[in-house]
Each structure stands twice: as C-alpha cells, then as structure tokens.
Amino acid sequence: KVLAAESGSSKPTGKLESSGLSTGTKMNATFVSLTRNSDLWDIADSIRNVEDRFNRNYHYDWVFLNDKPFDETFKKVTTALVSGTARYGLIGKEHWSFPEFIDQEKAKAVREDMAERKIIYGDSISYRHMCRFESGFFFRQPLMNEYEWYWRVEPSIKLFCDIGFDPFVFMAENKKIYSFVISLFEYAETIPTIWDSAKKFMKLHPEHIPEGNAIDWLSDDGGESYNHCHFWSNFEVGNLNWLRSKAYLDFFEVLDQDGGFFYERWGDAPVHSIAAGLLLKKEEIHFFDDIGYWHVPFTHCPTSEQKRLENKCHCNPKDNFDWKGYSCTTKWFEKNELKYPEGWEDQKD
Ligand code: GDP
Ligand code: MN
C-alpha cells in the first residue's frame, strides 16, 4: 500500500527535491530500534547517520522499543533527532521472559557451561530475551502493527553512502520481502540443534515451503545439514506482513517450543535467515549493495568505484567484507547466479 507523502509533515527538515526522491510516494513503513536507556548516545549516532544519508529527505517514523520504560532524556534527544515521528513502545512481560515450558535448571546449567567456554553472550539472560524478542515478537508490538514495512537500526552503526532512493519503495516495486547487506557464518556453538528444529518444521509444514526457495544457500548437502550461513540481522529492511504470516509464526512456534533460545543461544539472525531461506522464493530476498554499512566489526562497502563516487560513499573499499572467506555473500551470488561486480576478486582475502 503506497501512501501519499504527508504534505504538512510535522517536522519538515529536509528538502524533497534532492537525492532522486521523484514520485513523492511514501510507504507505510518505519524504522525500528530495540534499545535500553543506556544505549541513548549510541543510537543517537545511528539516527544521525540514517537521517543524514536518507531520512532527512523522507521523514519516516521511528519506533523505539524497550523492555523498560524509556526515560525523558532518551525520548527528548531521539525525538529531536528523528525527522519523522518518534514513537516509544514498552514491551509486555509475555514477550520478554522465560516461557513456562522452559526448565530453569537446565537453562542455568547451559549459561554456566557457556560462560566457561567463553561463548559470546553465553552467560547472558537478557541477550537471550533480546534474541527471542527479535525472532518472534517485535513485529507484533502494538505500534508495529500499524506498519507494513520496517528497517531495523541498531546502536553505533554507520551508513557510508547517500541513499538516493527509497528502499521501501524499491522492495515493494520489486516484490522483495526481506533484505540484507552483510552475510556470514554463525558461531556453531550457539546453534547446535537449530537445523534439527528447522527440519522438524519442514516435515510438519511442507505447505509453507515454496519451490525455488534459498535452501541451497543454507545447506550444502540438499537440506541434510546447516552450513551456518546467515544474513546479519542488525540491518534489515523487510515486510512485516510476512513476519506476521501463518508461515513465519508456525516456524517461530516450532523453534520456540524446542527451547533453543534458552538451552542454546540462538540468535535472531539465524532464525530470520533460515525462515527467509525456507519460506521465501529466493528472488524475494534482496542484497542492498548500494547501502554502505558498518556494524562492529564488519563493513559492507560497494565494490564498484562508480557506485561509491556517485553515492558519496566514504568507506574504504579494502574493508568490504562481501568477498572475504568468512562472508556468505559470495555463495549468495553463486546460488542466485548474480553478476559479480567488477573488481570483486581483488577484494578477496
Ligand atoms: P550484538 O550486536 O549481537 O553484539 O548485540 P547488541 O548489544 O547490539 O544488541 C542487539 C540489539 O538489542 C541492540 O539494538 C540493543 O540495543 C538491543 N538490546 C540488547 N540487549 C537489550 C536489553 O536487555 N534491553 C533492551 N531494551 N534492548 C537490548
Ligand atoms: Mn549490535
């Protein structure tokens, strides 16, 4: 659904004629950031990046979600920085706590074991609630229910290029559902049995698995085992109706019941990625090469020099992660028979 751009937008800070915003159509879309009050200055940095490179010309809303109430300083500063309407949601306990079927003793033993094995966030309870929330609940918060499209933004990210087009419009016009800028291998220790659950789901719900999905990007042996490739979900532009669909919710339910958010340390990135790879047709997943991006410690910098210059990118092309050994983007190009950009081979490590 394309909405007409609001003429009397509450805070008209940008000029609409710049950066190729031609049609004046605006999507029913929002930015969304899950943050703590203590993330204020790190999310402020991200907002400033997104506004300067894109949203000052578009004024999309920004939804902030938190498991605790946002304080006045957080709201005051972020409202001032966002050129659209900034909105604040408090997450209900039922979306940020242990489900009753989880065995607390077992979960605790796992955390202690992972702490000893020095697995990143392995001892953290809040990180697990966060991953489960981002996997199964952010898209059905009351505020999010008002939108069809989202763009996830985390604290302390950087955008390196002007975004002279509307990624939401692009997604809609090209029938895209999910997108990424960086893909890589997941730490195997955090997801030992996630593929068992995925296979269980495929058996239970063959009706949700379309022909021509991207399973060959997730598995190198025809679906028997997981190769650990995933899209990095700290950046996502996607369709909320897909996440709210029966297919996705059935998928989340099977995984949730198996308990791996707490008995292992499943991240929302492999959850979203496996869902996208199984439930969508592969051409519904988009790689946004034009969006230069950094989240510690990886960079996506467009390979094409022409693209970098046209879009005023300030990233060092040497830092581009796309074609390095730990990236799964090379495999994505291969499996989708995409045209590799000129110079890609020079950027391998
Ligand atoms: P990493 O990128 O995997 O290292 O994890 P982050 O620390 O960046 O957390 C992922 C996202 O969840 C970020 O947007 C954080 O601000 C947010 N987040 C993490 N833990 C919590 C928490 O306990 N409460 C809230 N409200 N947000 C959190
Ligand atoms: Mn992060």
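Author: Let us begin with a term: a salt bridge is a side-chain nitrogen of Lys or Arg within 4 Å of a carboxyl oxygen of Asp or Glu. This is a predicted model, in which local features need pLDDT of at least 70, side-chain atom pairs count only at pLDDT 80 or more, and totals for chains, interfaces and linings use all residues. Residues are numbered from 1 along each chain as its sequence is written, chains are lettered from A and ligands numbered from 1 in the order in which they are written, and side-chain values use heavy atoms, with hydrogens and water left out.

Reader: How many salt bridges does the structure hold?

Author: The structure holds 19 salt bridges. One of them joins the side chains of D162 and R53, at 2.8 Å from N to O.

Reader: Where do D162 and R53 lie?

Author: D162 lies in the loop between β7 (158-159) and α5 (167-173), while R53 is in helix α1 (residues 40-53), so the pair ties together parts that are 109 residues apart in sequence. Helices (H or I, at least four residues) and strands (E, at least two) are DSSP runs, numbered from the N terminus.

Reader: And is R53 buried or exposed?

Author: R53 is buried, with a relative accessible area of 14%, whereas D162 is partly exposed at 24%. Buried means under 20% relative accessible area, exposed over 50%, and partly exposed in between, with a 1.4 Å probe and protein chains only.

Reader: Which residue forms a salt bridge with K200?

Author: That is D258, and the closest N and O atoms of the two are 2.7 Å apart. This pair links distant parts of the chain, since D258 is in helix α9 (residues 246-258) and K200 in helix α6 (residues 194-204), 58 residues apart. D258 is partly exposed, with a relative accessible area of 26%, and K200 also counts as partly exposed, at 40%.

Reader: Which residues are linked in a network of salt bridges?

Author: E134, R152, E154 and D268 are linked in such a network. D268 is also among the buried residues of α11.

Reader: What about α11 itself, how many of its residues are buried?

Author: In α11, 12 of the 12 residues are buried, so this helix is largely enclosed by the rest of the structure. Helix α11 (residues 268-279) reaches 16 Å from its first C-alpha to its last, close to the 16 Å expected at 1.5 Å a residue; the expected span is 1.5 Å times one less than the number of residues.

Reader: Changing topic, which residues are closest to ligand 1?

Author: Ligand 1 is surrounded by 14 residues, and the closest are L34, N66, D67, Y121 and Y127; a residue counts as near if one of its heavy atoms lies within 4 Å. An N or O atom in the side chain of Y127 is 2.5 Å from an oxygen atom of ligand 1, and a polar side-chain atom of D39 lies 3.0 Å from an oxygen atom of the ligand. A backbone N or O atom of T35 lies 3.0 Å from a nitrogen atom of ligand 1. The protein covers 84% of the 570 Å² of accessible area that ligand 1 has on its own, with areas taken from the Shrake-Rupley method and a 1.4 Å probe; for residues, only the protein chains shown count as cover.

Reader: You mentioned Y121, so where does Y121 lie?

Author: Y121 lies in the loop between α3 (104-116) and α4 (125-136), and Y121 is partly exposed, with a relative accessible area of 41%.

Conventions: A polar contact is a pair of N or O atoms within 3.5 Å; within protein, one must be able to donate a hydrogen and the other to accept it, and residues adjacent in sequence count only if both atoms are side-chain atoms.
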